[in-house]
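Work through the exercises below with the coordinates open. Each task is followed by a solution in steps.

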Amino acid sequence: MDFPLRSQFDNFSQVYPRTYGNMLKSGIINTSMMSPPPPFLYIYLAYDIDRYDGLFYCDQNQDQLRKVPWLVMKSNQYFAPSLFLLPSFKQELSKLFPDEETVFHHLGRYLFQPSNDAWGLITRRNYFPMSWKMRSSAASLSKKQSLKAVLVTSLYSEYYEHLKGVYWTKPTVSGEVIGVYQPSHEEHELYGNNMHSMKAWTEIYLLSMSNALITSSWSTFGYVAQSLGGLKPWILYSPLNGTAPDPPCVRAMSMEPCFHFPPSHGCKAEVNVGHVKHCEDVEWGLKLVKDH
């Protein structure tokens, strides 16, 4: 409660005059000198950053930034891949994450363990009856049969209804019994609704416990699930003019999320990009992979 910038938080947006980008743009500071350093800087790193905001990712600007006592950052992007392109960060990052494609996995396991409320949603019968249905189905299986569960997460119910219909009307060649489940289908994203967000987080966590995962392209929902679970999913490409691409999907090269909107800037440093590749589903995006 005594954090010195607490009263400022409601003002932090891209137009806030004390963003690093806006202070560079107005000439209050420049990229070669900040003397004396300001008491704090607000770093805006969301998807719509301009070229001044993006100068944060230039290695030559990090010397001055590390002299500022407080850096407050705001972003809706997974920008870790761009940090790995900064030579001055290389040594510290290699100590923290010797395997580059497990960055989000470790951070997520540390930061995003489900709360008691989330576990309550997982086990509440009227929300997600998967365990009860599986138990009753398993009781009637013969010794040669096995049960597999397919979990569908979507705002819409059409995918679930189609898959359920396929397995309801046609037996599997292997004789396996397939149960198809969808915890919720709320039709619209409800921004700011805590219960909606809790359901989303619960379903992400359930997906992370899958044995195999298929995600849609550009899916931040899927990115978090695959990284938490240490999974390399199959990524479905988006249809082109209503037609499925050929091939329709590709196996992800790593479990890491995609940085959808990396900055477009002309930094001076030459970097080794062996562990940063373009994403499978966003051709201009960046993702971390194991550096071979």
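**Exercise 1.** Which side chain meets that of Asp50 in a salt bridge, and what is the N to O distance?

Solution. The model is a predicted one.
Step 1: the partner of Asp50 is Lys25, at 3.1 Å, N to O.
Step 2: this pair links distant parts of the chain, with Lys25 in helix α1 (residues 20-26) and Asp50 in the loop between β1 (40-44) and α2 (59-65), 25 residues apart.
Step 3: Asp50 counts as partly exposed because its relative accessibility is 25%; Lys25, at 44%, is also partly exposed.

**Exercise 2.** Find the salt bridge between Lys164 and Glu161 and state how far along the helix the two residues are separated.

Solution. Step 1: the closest N and O atoms of Lys164 and Glu161 are 3.9 Å apart, and the cut-off is 4 Å, so the pair qualifies.
Step 2: Lys164 and Glu161 lie 3 residues apart in helix α8 (residues 158-169), so about one helical turn separates them.
Step 3: Lys164 has 35% relative accessibility and counts as partly exposed, and Glu161 has 42% and counts as partly exposed.

**Exercise 3.** Describe the largest cavity by volume and by the classes of its lining residues.

Solution. Step 1: the structure holds 1 cavity of 30 Å³ or more, and the largest cavity has a volume of about 40 Å³.
Step 2: its lining includes Tyr223, Gln226, Glu256 and Lys287.
Step 3: sorted by class, the lining has 5 nonpolar, 1 polar and 4 charged residues.

Note on methods. Residues numbered from 1 in each chain as written. Predicted model: local features only at pLDDT ≥ 70, side-chain atom pairs only at ≥ 80, totals over all residues. Heavy atoms only, no water. 1 Å grid on protein atoms, 1.4 Å probe; cavity = no way out; pocket = protein on both sides within 12 Å on 5 of 7 lines; lining within 4 Å. Points joined across faces, edges and corners; volume = space filled by probe spheres on them. Nonpolar A, V, L, I, M, F, W, Y, C, P; charged D, E, K, R; others polar. Helix = DSSP H or I, 4+ residues; strand = E, 2+ residues; numbered from the N terminus. Buried < 20%, exposed > 50% of the residue type's maximum accessible area, 1.4 Å probe, protein only.
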